[in-house]
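Please find below my notes on the model, written as numbered points.

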Amino acid sequence: MKNTEIIRINKENIDLEKLQKAADILKKGGIVAFPTETVYGLGANALDEDAVKKIFKAKGRPSDNPLIIHISEIEDIKKLVLEIPKKAEVLMEKFWPGPLTLIFKKSHIVPGITTAGLDTVAVRMPSHPVAKLLIKLSRVPVAAPSANLSGKPSPTKEEHVIKDLKGRVDGIVCGGDAAIGVESTVLDITSDVPMILRPGGVTKENLEDVIGSVKVDPAILVKADPDLVPKSPGMKYTHYSPDAEVILIKGDLEDITKEIEKMRRAKEEEGHRVGIMATEETKERYAGGIVISVGSRSNPETIAANLFKVLREFDEKKVDIILAETIEETGVGHAVMNRLTKAAGYKIVRV
Ligand code: TXA
Ligand code: MG
């Protein structure tokens, strides 16, 4: 067990001395969790092999899953990559700092452990004031996966991080809730037509407005089969999984809610404790089960913001099955459905 220092920071009024403590841990080769606008991250000096190794160990993360390097100034990217394609420049100008990760050809100073042996490197500049300042104060590029135990839903609240990582990391910077709630969009910019490897906070529509046509890795929403190996290694693992079994119900909204009611009754008769992931618009339609509204269909950003928190709430309520409504796969709904599909291990009922 490590002695984990809990460092509370108010993002509206940052205590520099306290944050410097966290930065010093990073500088000295330790690992520190910190808030970003997407989800909490678990950081280490990206150029220090031993420090990065500690991240994989603390999370129980498979070593073939590469990390994103976080920077606080555009200048910092130059030494990490071989070249910056024109389209990348335009995207950095438009979306950084923010929830967009770009994949570049890596330079020799980035160790293989950080990129899991790939010759490319993922880079992002977060917009969260605490994340930005922490990276700046540490004076190192910060490799950071989401700050959850591998396989669990990503942490959007400080208590999620404390639950998963206290005793396993050197420090946890607490800075309030993550506003976006799903991880950054990962975009491979090394080919002529850029490809989304993971949908996230910046939508396909947002990207196409700026650089024209963008492809989506076909492995994203369908079950991994041997012919469809996702280009983003992390996408192939079971992920975002609460302890309960998750089943998605897809179709017209009327049919979805009717089917969920039917399944709930059947599952309860079998003796199961059933959770229903509903929305503001539908939560009154269920006559039983543990119903939690994940947000409003008319504002899918609220669904993104609450998704991982609600998955963890169902675990706290000890349900053994979660019946989840699906939403439209447009805009941020694309990222929501991607995470839900993975949480469900591709168990989908079509009605
Ligand atoms: O919003 C986020 O991106 C958060 C916060 C902390 O910044 N980070 C995050 O990291 O979600 P992580 O490690 O949980 O997910 C990184 C994803 C994985 O799917 C990984 O496979 C992919 O990015 N990735 C990293 N480097 C890559 C590379 N060189 N090529 C392709 N995919 C890469
Ligand atoms: Mg993750």
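This is a predicted model: local features need pLDDT of at least 70, side-chain atom pairs count only at pLDDT 80 or more; totals for chains, interfaces and linings use all residues.

1. Residues are numbered from 1 along each chain as its sequence is written, chains are lettered from A and ligands numbered from 1 in the order in which they are written, and side-chain values use heavy atoms, with hydrogens and water left out.

2. The protein chain is assigned domain 1 (5-220) and domain 2 (245-350), the bounds coming from an automatic or database domain assignment. Taken over C-alpha atoms, the centres of domain 1 and domain 2 are separated by 29 Å.

3. Where domain 1 meets domain 2, 23 residues of domain 1 are in contact with 14 residues of domain 2, contact meaning heavy atoms within 4.5 Å. The area buried between the two domains is about 1500 Å², and carbon and sulfur atoms give 57% of that area; buried area is the accessible area (1.4 Å probe) that two parts lose on being put together, summed over both. On the side of domain 1, P153, V182 and P199 lose the most area to domain 2, and together they make up 32% of what that side buries.

4. Between domain 1 and domain 2 the count is 2 salt bridges, a salt bridge being a side-chain nitrogen of Lys or Arg within 4 Å of a carboxyl oxygen of Asp or Glu. The side chains of E183 and R339 also meet in a salt bridge, at 2.7 Å from N to O.

5. L100 lies in strand 5 (residues 100-105), where strands (E, at least two residues) and helices (H or I, at least four) are DSSP runs numbered from the N terminus. L100 is buried, with a relative accessible area of 0%; buried means under 20% relative accessible area, exposed over 50%, and partly exposed in between (1.4 Å probe, protein chains only). Leaving aside neighbours within four places in sequence, L100 is in contact with several residues, including L91, F95, V123 and L207. L100 and H160 are 60 residues apart in sequence and 23 Å apart in space, C-alpha to C-alpha.

6. T257 is found in helix 8 (residues 253-269), and T257 is buried, with a relative accessible area of 6%. Once neighbours within four places in sequence are left aside, T257 is in contact with T282, R285, Y286 and E325.
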